Amino acid sequence: MTATGSTADPAPSYGNGSGPVPAPHRLLYITEEQTAAQVDEELALEAARAAFAATVDSAVLPSLDVHGSDPRNRFSLKPSASATHAGVKIGTYWPDNEEHGLPRHHSTLLLLDQTIGRIAAVLEVGTANAFRTAAADALAVDLLARADATTLAVFGTGHQAPYEVAAVRRVRPIDEVLVVGRTADRAERTAAVLAALGHNARAAGAEEACARADVIVTATTARADSPPLFEAAWVRPGTHISCMGADAPGKRELPPGLFARARVFCDLPEQARRMGESQHAPADTALTPLGEVLTHQATGRADDSDITLFDSSGIGLQDLYLGLALLKKMDISL
């Protein structure tokens, strides 16, 4: 392991009387500040391309979503393995963190030493994870949305919204962003944030946003016991929808009737059925892996009138490839 990051002090090693004491195991620790300084949209998108291409030939391991000791808190485990590396991302959602001046979401990536099966590196990737999620959205938009898409509707006013807008604008000539929130005030505030970042953004109602949008992105914490974010009939032919919020059982953003009108794509079909938006899809809904579209093994958009839907429940391979890309940029190899 070649590293420029910090390493933890090794724990004492003890022999068992049957052989030499092994060399101390060194643990690489990369802080949130270090990874946040290295990540950008280009790095995240290229890592996403590599990860989704790898889903075609690699075993994609399903994710696990559980709650913390306090049921309001939630964390997920996303394991992954490529031909050369393996690891697991722990993603946390602690809603009361705002009281401590901290983001509600955070992520930590653990990478294994492939020779001895112990943890080789710990990367804090809270900010990088926001880029990572948006990169999956951008990849889906690049592969599935109409080439002339210029209007983007974003449902959601949380921390993820600006990352989604920036990522989509890298792959399509978006010149108008419509923001839909639970309240008009939230939508106005988020639109102002986006405008300050250089986007032509304004608040809009759900029906207007759907009627005008070429691309719709949903990035909320909505659940199935609440009404869907919009009506299926409001979505016009030719629209692409990236559903980024449903990543656990019981979550839902979209109207179930939309599945009958759309061609549905996802990161991992069996996981999408269990914890993605497709947990609410009819049993006969065809789910096409996005990696197969990327590698030209499946057809993406077939016609300008198609409604395409990307169900993103999140895969560990994307976290693995992003972590390795960050280490490479920092001139660190495992």
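**Group meeting talk: holes and helix packing**

Okay, let's start inside: E41, L45, A130, F131, A134, A135, A138, Y163, A167 and R170 line the largest cavity. This is a predicted model, where local features need pLDDT of at least 70 and side-chain atom pairs count only at pLDDT 80 or more, while totals for chains, interfaces and linings use all residues. Residues are numbered from 1 along each chain as its sequence is written, and side-chain values use heavy atoms, with hydrogens and water left out.

What do I mean by a cavity? On a 1 Å grid over the protein atoms alone, a cavity is a set of points where a 1.4 Å probe fits but cannot get out, and a lining residue has an atom within 4 Å of a point. Rolling a probe the size of a water molecule over the atoms shows where empty space is left.

Back to our cavity. It holds about 60 Å³ of space; a volume here is the space filled by probe spheres set on the grid points, which are joined across faces, edges and corners. Which elements give two or more residues to its lining? They are α2, α3 (126–144) and α4 (161–171), and α3 has the largest share, with 5 residues. Helices are DSSP runs of H or I with at least four residues, strands are runs of E with at least two, and both are numbered from the N terminus. By class, that lining has 8 nonpolar, no polar and 2 charged residues. For the classes, Ala, Val, Leu, Ile, Met, Phe, Trp, Tyr, Cys and Pro count as nonpolar, Asp, Glu, Lys and Arg as charged, and the others, Gly among them, as polar.

How many cavities of 30 Å³ or more are there? The count is 2.

Now the open space. A pocket is an open set of points with protein on both sides within 12 Å along at least five of seven lines. The largest pocket has a volume of about 1,100 Å³. It is lined by 48 residues, and H105, H159, A219, T220 and T221 are the closest to its centre. Its lining splits into 14 nonpolar, 22 polar and 12 charged residues, and α3 gives the largest share, 6 residues.

Last topic: how the helices pack. The axes of α2 and α3 come within 8 Å and cross at roughly 65°. Axes are lines fitted to C-alpha atoms, for helices over the stretch in contact, and angles run from 0 to 180 degrees between N-to-C directions. So α2 and α3 are roughly perpendicular: under 35 degrees counts as roughly parallel, over 145 as roughly antiparallel, 65 to 115 as roughly perpendicular and the rest as oblique. In the contact (heavy atoms within 4.5 Å), E41, A44, L45, A48, R49 and F52 of α2 meet F131, R132, A135, A136, A138, L139 and D142 of α3.

And α2 with α9? Helix α2 (residues 41–54) and helix α9 (residues 316–329) pack at about 135°, with axes 8 Å apart, so this pair is oblique. Their contact divides into 13 nonpolar, 1 polar and 1 charged residue. That's me done!
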